[in-house]
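Q: I've got this one open on my screen and would like a close look at a single part. Please walk me through the salt bridges, and take your time over it.

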Amino acid sequence: MRDRAMAATVSVSRRRGHGCLLRLVAAAAVIAAFMLGYACAAGSSGGERVPLNVESLFPDPSSCATPQEHKPSEATSARMKIVHRHGPCSPLADAHRKPPSHAEILAADQDRVESIQHRVSATTTGELTKHAAPVTVKPAPKKSPGHSPSSSSTPSLPASSGSALGTGNYVVTIGLGTPALPQTVVFDTGSDTTWVQCRPCVAKCYKQKQPLFDPAKSSTYANISCADPACADLDESGCIDGHCLYGVQYGDGSSTVGFFAQDTLTISHDAVKGFRFGCGEKNSGLFGKAAGLMGLGRGKTSLTVQASNKYGGAFAYCLPASSSGTTGYLDFGPGAAPANARVTPMLTDKGATFYYVGLTGIRVGGQQVSIPESIFSTAGTLVDSGTVITRLPATANAALSSAFDAGMATLGYKRAPAFSILDTCYDFTGVSEAALPAVSLVFQGGASLDVDASGIMFPVSQSQVCLAFASNGDDSSVGIIGNTQQKTHGVLFDLGRKTVGFARGAC
């Protein structure tokens with residue numbers, strides 16, 4: 001099978017010209033010929049095939065290699081290391097606990113997607129999500145200095161399902177308070193409010209890896225007053241003895257409720273003073289031992305907006321190709337954009353929080369797939385750090401799958417059964433090096449996301465490796481560019497310029 005794939009690649013190169021053919025003939029090793037054939041084809045046709053090391057899809061779950069260092073540019077204010085929260089390089093890694101299964105990952109991903117689509121639909125129709133049953137927090141019996149107010153009353157705070165999304169896959173470590181306490185949190189472009197679990201945790205806290213944040217030990221902590229305009233910025237807020245309460249319930253059933261507060265946030269070596277966040281005292285859900293969540297959306301309570309005077313509303317991240325042995329980065333500041341970033345307009349008329357872009361087409365093997373542009377414009381598309389698998393309108397996904405499968409058939413790869421939401425899978429048994437039809441997502445303004453080989457396929461097993469795109473089931477639900485397709489790209493968000501950008505090979 002591998003020989004047929006290589007032969008097909010060499011055949012493409014022959015058609016491209018005698019120069020590539022002569023160099024191929026001169027190559028002594030089979031693998032060298034394969035790689036050179038790919039280079040020749042790419043040079044003459046824009047990258048019709050991309051090479052994939054199949055073994056790289058199955059990293060060692062117990063070994064963390066020396067991470068690659070990504071130096072920030074001189075104009076970048078702050079840089080943090082990103083790791084996959086379930087990978088061996090994560091500070092949350094647990095050697096005695098298995099990471100979630102592929103089925104569990106995709107099930108949780110579907111929950112997140114449905115929550116995003118529900119919120120988008122509610123925003124579009126002007127009907128906000130209906131309130132769930134009230135979530136309550138009982139105050140501590142003893143007053144914690146600078147924290148929970150002394151009261152015998154019980155605050156009641158409705159939490160909206162889908163008002164923000166919290167099931168992310170990558171984490172960063174921040175500092176909170178004075179002195180700063182390290183807190184490893186999920187970073188999420190689909191959420192606004194940042195929160196961490198707090199002592200005394202009067203109602204409930206899930207188990208986390210690091211010590212809980214203790215407001216009584218921070219000299220710069222303060223609760224936010226109900227009269228403060230910042231309290232009204234929350235999607236859901238309440239009040240007890242003049243102190244503002246926040247509440248968020250996520251699509252997977254996870255939730256957090258507590259006091260809305262302010263303190264010093266430390267990002268790398270930078271300090272963001274008076275940063276407003278949720279100090280959670282009733283928390284439950286699937287946060288994977290993370291201390292909480294950092295919201296990087298477009299809403300007023302997000303870090304992006306709160307620190308806009310310092311960082312200009314700009315940040316960029318790069319997600320590593322593998323969960324094992326590699327790291328990415330999260331940059332803040334005007335210099336966050338990689339030099340080779342190709343930008344597309346950020347569409348800001350579809351509501352807050354999410355980062356909307358204008359997807360206009362898809363290329364497979366260097367050729368434009370026949371999909372009416374109206375299919376994308378009707379549903380709309382957003383870029384999200386926490387969604388795993390890219391979701392497309394049903395018509396677009398069917399056309400992509402058909403074009404990709406035709407390319408894989410030409411290369412001689414054997415089909416495998418569908419898995420969960422993934423309907424286009426292949427058997428790579430015995431294959432160590434593969435050639436894949438290149439996949440590119442094309443956006444308004446001519447920008448494109450040329451998906452890395454690590455982001456084209458989702459590995460279930462050696463005998464079941466699937467195209468990492470899924471259908472929305474219809475053409476009316478919003479499309480989502482997931483984090484699998486974003487791997488190794490610098491992804492830029494700039495609120496000031498209202499642009500989103502993509503840069504190849506950033507990590």
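**A close look at the salt bridges**

A: Let's start with aspartate 331 and arginine 79, whose side chains form a salt bridge with N and O 2.5 Å apart. That one reaches across the chain: aspartate 331 sits in strand 15 (residues 328–332) and arginine 79 in strand 2 (residues 78–84), 252 residues apart. Aspartate 331 and arginine 79 are both buried. Keep in mind that this is a predicted model; it holds 10 salt bridges.

Next up is arginine 391, which pairs with aspartate 109 at 2.8 Å, N to O.

Now for aspartate 450, which makes a salt bridge to arginine 504, with the closest N and O atoms 3.8 Å apart. Aspartate 450 is in strand 26 and arginine 504 is in the segment after strand 32 (499–503), so the bridge ties together parts 54 residues apart in sequence. Aspartate 450 counts as buried because its relative accessibility is 14%, under the 20% cut-off. Arginine 504, at 48%, counts as partly exposed.

That pair also belongs to a network of salt bridges linking Arg342, Arg363, Asp450 and Arg504. Aspartate 450 has a polar contact too, its side chain meeting that of serine 440 at 2.7 Å. Beyond its neighbours within four places in sequence, aspartate 450 has contacts that include Val439 and His489.

Terms used
Residues are numbered from 1 along each chain as its sequence is written. This is a predicted model: local features need pLDDT of at least 70, side-chain atom pairs count only at pLDDT 80 or more; totals for chains, interfaces and linings use all residues. Side-chain values use heavy atoms; hydrogens and water are left out. A polar contact is a pair of N or O atoms within 3.5 Å; within protein, one must be able to donate a hydrogen and the other to accept it, and residues adjacent in sequence count only if both atoms are side-chain atoms. Contact means heavy atoms within 4.5 Å. A salt bridge is a side-chain nitrogen of Lys or Arg within 4 Å of a carboxyl oxygen of Asp or Glu. Helices (H or I, at least four residues) and strands (E, at least two) are DSSP runs, numbered from the N terminus. Buried means under 20% relative accessible area, exposed over 50%, partly exposed in between (1.4 Å probe, protein chains only).
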